[in-house]
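Biologist: I am new to this kind of picture, and I would like to learn how to read it one feature at a time. Could we begin with how packed helices are described?

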Amino acid sequence: SSGVSPSASLIDRIESIPRRELYFFALYRVLIASVIAALLYSPLSMLVGEAHHPRLAYLVGATYLVLSLLLLLVGRSERWLLPIVVTGVLLDIVAASLLAHALPGASAGISMSLLFNIAAAATLLPLSWGLVLALAASVATAAEYLWKVLEGGDPTRTLAELAMFATSYLALAFISYQVGNRARRNQQLANQRGDEVANLFQ
């Protein structure tokens, strides 16, 4: 018979899923970076509290937006999924840590925004990489706290809050990997059954 077989159609849809996930992940990053930049460079800057390091905040906000847009444009190749996701989340972690230091009043919200990034990355990557990124986010959060203490300022976070964020990053990475892994197994099963249906038409 002519036309595209049910199996081929199904495989095309399955193979396009990582590409769509990379796109929406990058789009979310651009959205967050745009919100941060809009708050910093507009009269709404009062919403993020007093900037202890204004120049650092402006520089990181602008750089983060530019790099986020760059990742959105070039970071959709499934072949490079691992380096694209890892590079993107490391960018998120560095930007979040620097912004949390420059804008202590918004540090909790900035750290919470990383939860989605860690979860999204863990659904796309092997478990080991998801946990590595979660650990990196935890270490960066603790490093920012120590940086604040060494500067002689009063930390806006408590040690209990740091522990809660670190635990949340690691737990969410593990749970998200399990969800993503189950989804991939379901896709493989659907692919197998699609092949079986296609064979019936031959």
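Modeller: Two packed helices are described by the angle between their axes and by the distance between those axes. In this predicted model, helix H4 (residues 107–124) packs against H5 with the axes 9 Å apart and at an angle of about 165 degrees. Since angles over 145 degrees count as roughly antiparallel, H4 and H5 are therefore roughly antiparallel to each other.

Biologist: Is the crossing of H4 and H5 left-handed or right-handed, and which residues in H4 and H5 meet?

Modeller: The crossing of H4 and H5 is right-handed. On the H4 side the residues are Leu114, Ile118, Ala121 and Ala122, and they meet Gly130, Leu133, Ala134 and Ala137 in H5. Sorted by class, this contact of H4 with H5 has seven nonpolar residues, one polar residue and no charged ones.

Biologist: At what angle do the axes of H2 and H3 cross?

Modeller: The axes of helix H2 (residues 54–74) and helix H3 (residues 81–102) cross at roughly 165 degrees and come within 9 Å. That makes H2 roughly antiparallel to H3, and the crossing of H2 and H3 is left-handed. From H2 the contact draws on Leu56, Ala57, Val60, Gly61, Tyr64, Leu67, Ser68 and Leu71, while H3 contributes Gly88, Leu91, Asp92, Ala95, Leu98, Leu99 and Ala102. Divided by class, the residues of the contact of H2 with H3 are 11 nonpolar, three polar and one charged.

Biologist: Which residues do Ser68 and Leu56 touch, if those within four places in sequence are not counted?

Modeller: Ser68, which lies in helix H2, counts as buried at 0% relative accessibility, and apart from residues up to four places away in sequence it touches Arg29, Val30, Ala33 and Leu91. Leu56 also lies in helix H2, but Leu56 is partly exposed, with a relative accessible area of 23%. Leaving aside neighbours within four places in sequence, Leu56 is in contact with Leu98, Ala102 and Trp147.

Biologist: How far apart in space are the C-alpha atoms of Leu56 and His101, and those of Val94 and Val60?

Modeller: Leu56 and His101 are 45 residues apart in sequence, and from C-alpha to C-alpha they are 8.9 Å apart in space. For Val94 and Val60, 34 residues apart along the chain, the separation of the C-alpha atoms is 9.3 Å. Val94 has its place in helix H3 and counts as partly exposed, at 49% relative accessibility.

Biologist: How many helices and strands does the chain have, and what share of its residues count as buried?

Modeller: The chain has six helices and zero strands, and of its 202 residues 36% count as buried. Among contacts in the chain with a separation of 6 or more, residues 24 or more positions apart account for 79%. The chain exposes about 11500 Å², of which carbon and sulfur atoms supply 68%.

Definitions and conventions
Residues are numbered from 1 along each chain as its sequence is written. This is a predicted model: local features need pLDDT of at least 70, side-chain atom pairs count only at pLDDT 80 or more; totals for chains, interfaces and linings use all residues. Side-chain values use heavy atoms; hydrogens and water are left out. Axes are lines fitted to C-alpha atoms, for helices over the stretch in contact, and angles run from 0 to 180 degrees between N-to-C directions. Helices (H or I, at least four residues) and strands (E, at least two) are DSSP runs, numbered from the N terminus. Angles under 35 degrees count as roughly parallel, over 145 as roughly antiparallel, 65 to 115 as roughly perpendicular and the rest as oblique. A crossing is left-handed if the near helix is turned anticlockwise from the far one by less than a right angle, and right-handed if clockwise. Contact means heavy atoms within 4.5 Å. Ala, Val, Leu, Ile, Met, Phe, Trp, Tyr, Cys and Pro count as nonpolar, Asp, Glu, Lys and Arg as charged, and the others, Gly among them, as polar. Buried means under 20% relative accessible area, exposed over 50%, partly exposed in between (1.4 Å probe, protein chains only). Accessible areas come from the Shrake-Rupley method with a 1.4 Å probe; for residues, only the protein chains shown count as cover.
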